[in-house]
Amino acid sequence: MKKTFGLAVVIIFLMAAAIVGWGAWLNYSDENQIANRMNNRAVEVNAVRAARRELTPVIPLDAVRFSSDTMTDAVALTEGTIVRWHVGKNKNVHEGDILAEMMNESIPLKIQQAESAISRAEAALAQANNSYQRQERLLARRATSKEKYEAAEAQYLAAQSSLREAQVQRDQCLVQQGWLSVKAPLDGEVLIIYQREGAHVQAGTPVALVGDFSWLKFSLNMDDVNARHLQEGQAGFLRFPDREMIAKAYDTDFGAGNKERGMEIKAVLKEIVPPLSEPADLRRTVWEVDNRTRILEPMTYNGVRMRLGMAYEALAVPLAAMVDKSRNKVFVVDENNIVHERTVKTGVLDDKYIEILSGLAEGEVVITGNLDGLEDGMKADVEMDGED
């Protein structure tokens, strides 16, 4: 009986050990299978080959500030009250045209006082001249002393000076009277009227803003990689978001030929500083816009895109290949279909492609789709776009 019991216990222990060993083997086998499957797993991606393509660069501009060289205030040159406007807002004027008239009651009174002073000075001059002429004749006949002659001459010269002084004072008053007419400082249109009829203004007070927006300028600071293909006289085409074209800072009228929203506006490159012949990391470019349609005003516009008018050939990949917004990393696939993260240096871009300056060679396979979760070292199942 004891032998039978002992044998049963041994058999039970052997069966338990077998079960444990069987379970361990199954677990090891499953882990190997899972590892093999993970090692053999391939991520499905879309890709293209880096190739030389013709690029028409598009430069996104966060903010562009337009300015006009012909815009200034018309100011009151003397104190007075505005009594009449000769022009209205958005009206075209020429340099020297009268914009408004002012009144200053003290100026006519000063002119009358100056005229009276001139009359008194003329009378005093006539009297001094007669006395001087008489003393000159008497001195010639030795009938007067030289001292009296010199005194008469001095009075005559003093009377001449008094007359000239009175005349200058009158002329100053007449000039001030002319200042009561506020004139346009340049050719253009009346953009803003600061002061209305009845307003009392001091000398130097801006009365109206006059400007001509037919030609506007803006400047851009550009990296050398973006500026190196530019040349003076080259055209660029600006496209504005519709929301930016709704409001105007000066509320000017539109000109003939304006297409308003959705149109591209031509800009011409006028200057590159420093010039391309000198090495520089950053360059300032100055552009001029033909704005005779009056669609733009001297203000800041946001979200503008500028398409350069000159295309050139360069090594490029789709914008979709860029891993992040910094545009300096891509994923490439080697001959064994292994994914590698690669740091690249990029240049200009257009609506679809971006220039590769370094980090990639022509013909290398670059991933353009299914980048989420992609990591260095993964195996890829590549579907080439644009290839049979």
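This note goes through contacts, surface patches and backbone features of the structure above.

1. Basis. The model is predicted, with local features needing pLDDT of at least 70, side-chain atom pairs counting only at pLDDT 80 or more, and totals for chains, interfaces and linings using all residues. Residues are numbered from 1 along each chain as its sequence is written, and side-chain values use heavy atoms, with hydrogens and water left out.

2. Salt bridges. The whole structure holds 13 salt bridges. The criterion is a side-chain nitrogen of Lys or Arg within 4 Å of a carboxyl oxygen of Asp or Glu. One of them joins E313 and R52, at 3.3 Å from N to O. Helices (H or I, at least four residues) and strands (E, at least two) are DSSP runs, numbered from the N terminus. E313 is exposed at 54% relative accessibility. R52 is partly exposed, at 43%. Here buried means under 20% relative accessible area, exposed over 50%, and partly exposed in between (1.4 Å probe, protein chains only).

3. K217 and D69. These side chains also form a salt bridge, 3.4 Å from N to O. K217 belongs to strand β12, and D69 to the loop between β3 (58-65) and β4 (71-75), so the bridge ties together parts 148 residues apart in sequence. K217 is partly exposed at 30% relative accessibility. D69 is exposed, at 62%.

4. R292 and D290. The N to O distance in this salt bridge is 2.6 Å. D290 is partly exposed, with 31% relative accessibility.

5. Aromatic pairs. A search of the whole structure gives eight. Rings of Phe, Tyr and Trp (its six-membered ring) pair if their centres lie within 6.5 Å; planes under 30 degrees apart count as stacked, over 60 as edge-to-face and the rest as tilted. Y132 and Y156 are stacked, with 5.3 Å centre to centre and 5° between the planes. Y132 is in helix α2 (residues 106-140) and Y156 in helix α3 (residues 146-178), so the pair ties together parts 24 residues apart in sequence. Y132 is buried at 12% relative accessibility. Y156 is buried too, at 19%.

6. F213 and Y250. The ring centres are 5.6 Å apart and the planes stand at 55°, so this pair is tilted. F213 lies in the loop between β11 (206-211) and β12 (215-223), and Y250 in the loop between β13 (235-239) and β14 (264-273), so the contact ties together parts 37 residues apart in sequence. Both residues are buried. A separate item is the aromatic cluster made by F66, F218, F240, W287 and Y301.

7. D251. This residue lies in the loop between β13 and β14. D251 is exposed, at 52% relative accessibility. Its C-alpha atom is separated by 9.0 Å from that of I192, 59 residues apart along the chain.

8. Surface patches. Patches use residues with over 30% relative accessible area and no salt bridge; like charges are joined within 9 Å, nonpolar side chains (Val, Leu, Ile, Met, Phe, Trp, Tyr) within 5 Å. E44, D381, E383 and D385 gather in a patch of negative charge. Asp and Glu count as negative, Lys and Arg as positive, and His and the chain ends are not counted. D385 is in the segment after β23 (380-384) and is partly exposed, at 35% relative accessible area. V75, L77, V175 and W179 form a nonpolar patch with about 320 Å² of accessible area together. Areas come from the Shrake-Rupley method with a 1.4 Å probe. V175 lies in helix α3 and is partly exposed, at 43%.

9. Backbone. A cis peptide bond joins V273 and P274, with omega about -10°. P274 is in the loop between β14 and β15 (282-290). N90, not a glycine, has a positive phi of about 70°. N90 lies in the loop between β5 (80-85) and β6 (92-93) and is buried, at 16% relative accessible area. R327 has a positive phi near 55°. R327 lies in the loop between β17 and β18 (329-333) and is partly exposed, at 33%.

Definitions and conventions:
Charge placed at Lys NZ, Arg CZ, Asp CG, Glu CD.
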